[in-house]
Amino acid sequence: MGRQIAVIGGGAAGMTAAIQAAGEGAAVTVYEKNDRVGKKILSTGNGRCNFSNEAMGAAFFHGSGTALLGGVLSAFGVAQTKAFFASLGMRIRERDGYLYPASDQASTVLDLLRYELDRRRVTVHTQEPVETVSFDRDRKKFLIRRQGKDFCYDAVILCCGGKAAPNTGSDGNGFRLAQRFGHRIVRPVPALAALVCKESFYKQVAGVRCDAALTLRVDGQEAGWERGELQLTDYGLSGIPAFQLCRTAAYAVLDKKPVTVHVSFLPDFDETSCGSFFRERLAAHGEDEMDVFLTGIVNKKVNRLLLKLSGIRETQRAKEVSVEAWQRLQGLYLGLETVVTGTNGFDKAQVCAGGVDCSEVTEALMSKKQPGLYFAGEILDIDGLCGGYNLQWAWSSGMVAGRAAARN
Ligand SMILES: Cc1cc2nc3c(=O)[nH]c(=O)nc-3n(C[C@H](O)[C@H](O)[C@H](O)COP(=O)(O)OP(=O)(O)OC[C@H]3O[C@@H](n4cnc5c(N)ncnc54)[C@H](O)[C@@H]3O)c2cc1C
């Protein structure tokens, strides 16, 4: 009989690890605290599941695990992921390198994984939160206690996720299970989430979506730059460019460092070209009142906010605005400064940064503290950018850990 393996957590990483380990001949049991496996997968990619990306590599990830990435991604990378899902029956659609199921339904990904778990005779216990995992040195077995009885396993793969979106089951309790084996947990923070800002003006521009470039500054130093579709909310900045800056901002706020974002609403302009743009416009439309003059530059709500912040009246004629006021206004279009006070939390985050310190796991994702204990997915201190990277990490690390646990 094959090795007995327990997988704790039936998310993307846990299901992949279980499928792979069972394929290697192990007898695999998945413990999932929710009433069904893979709940989070259903909400990914706005319900369409952006499961990977053709542009892949360590540059798209952060955390203490980036050194492990090369090995894990070359063992099971994008090509293998596509082949794996294709072998389960999934047609794949690519948009600018972003990979989705052709059905455009995240449920397709989940269904195919569930069918494969069945096919490979993986035992799945749902509504089974695992509270303790221990290692019995005499028997050389891992013990999982359920319903008052201990169940023995040769290897355990912890795939409990991080702390993001706890309504899907990942509430950070996996970190406790890892800590019991002496693992260090790198401070968890929301990694892909909106940024909460201090200013009260956001209510005036809530709901606006626009092309913008965001420059993140921590302690006055540039700490990140992103361009894309910004979403303004009544509390601050959202949308992909804000999400991508979130983990850096979150750690800086945690360390009580001053964090600002400079928003350029004219990301194709620099100071010189912006100056000429306004001068030419002034030559053609100098008689207009400012509200009219600015119409068509960017979103109307943004025009009005910047006008107000620059101290210029909407009814003032453009040609009568002072040079200093023009400079203030132009400066705001190119870099509205906003103070970041935090993120909108784990509840709304897509991913959690931090987790089990990757310097304490081997290339096969086995614990250096407790042989036979493996990790996969977001529980590890590795997080990817928006764009299919986090699911790719879940598939890749799940495959590597599942294979190693079954073969060891
Ligand atoms: C709204 C949203 C959209 C996203 N969109 C994308 C996207 O399009 N592309 C992308 O790449 N990534 C996306 N992500 C991120 C991605 O979904 C996750 O990084 C990935 O699913 C993590 O997989 P995981 O298996 O490590 O953890 P999880 O999916 O969090 O699974 C962990 C599982 O473990 C279970 N569990 C926890 N503790 C225990 C315990 N003690 N006992 C038993 N079970 C336990 C949980 O219930 C859960 O089912 C998105 C995330 C969210 C929230």
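This is a predicted model: local features need pLDDT of at least 70, side-chain atom pairs count only at pLDDT 80 or more; totals for chains, interfaces and linings use all residues.
Local features were considered at pLDDT of at least 70 and side-chain atom pairs only at pLDDT 80 or more, while totals for chains, interfaces and linings use all residues. Residues are numbered from 1 along each chain as its sequence is written.

The chain is divided into domain 1 (4-188 + 355-407) and domain 2 (194-343), with bounds that come from an automatic or database domain assignment. The centres of the two domains, taken over C-alpha atoms, are separated by 40 Å. Five residues of domain 1 are in contact with five residues of domain 2; contact is defined by C-beta atoms, placed from the backbone, that lie within 7 Å. On the side of domain 1 that touches domain 2 there are two nonpolar residues, one polar residue and two charged residues. In this classification Ala, Val, Leu, Ile, Met, Phe, Trp, Tyr, Cys and Pro count as nonpolar, Asp, Glu, Lys and Arg as charged, and the others, Gly among them, as polar.

The ligand is surrounded by 39 residues, of which the closest are Gly9, Gly11, Gly161, Gly169 and Gly377. By class, the shell holds 15 nonpolar, 19 polar and five charged residues. At least two shell residues each are supplied by helix 1 (12-23), helix 2 (39-43), helix 6 (173-179) and helix 14 (389-407). Helices are DSSP runs (H or I, at least four residues), numbered from the N terminus. The largest share of the shell, four residues, comes from helix 14.

Two packed helices are described by the angle between their axes and the distance between the axes. Axes are lines fitted to C-alpha atoms over the stretch in contact, and angles run from 0 to 180 degrees between N-to-C directions. Helix 1 and helix 5 (residues 106-119) pack at about 35°, with axes 10 Å apart. Their crossing is left-handed, a term for a near helix turned anticlockwise from the far one by less than a right angle, with clockwise giving right-handed. Met15, Ala18 and Ile19 of helix 1 meet Leu113, Glu116 and Leu117 of helix 5. This contact comprises five nonpolar residues, no polar residue and one charged residue.

Helix 12 (residues 323-335) packs against helix 11 (residues 300-309) at an angle of about 135°, with the axes 9 Å apart. Helix 11 is therefore oblique to helix 12, where angles under 35 degrees count as roughly parallel, over 145 as roughly antiparallel, 65 to 115 as roughly perpendicular and the rest as oblique. The crossing of helix 11 and helix 12 is right-handed. Leu306, Leu307 and Leu309 of helix 11 make the contact with Leu329, Leu332 and Tyr333 of helix 12. The residues of this contact are six nonpolar, no polar and no charged.

Helix 9 (residues 271-285) also packs with helix 12, at about 125° and with axes 11 Å apart. Helix 9 is therefore oblique to helix 12. Here Glu271, Cys274, Gly275 and Phe278 of helix 9 meet Trp326, Gln330, Tyr333 and Leu334 of helix 12.

Notes:
Two residues are in contact if their C-beta atoms, placed from the backbone, lie within 7 Å. A residue is near a molecule or strand if its C-beta atom, placed from the backbone, lies within 6 Å of it.
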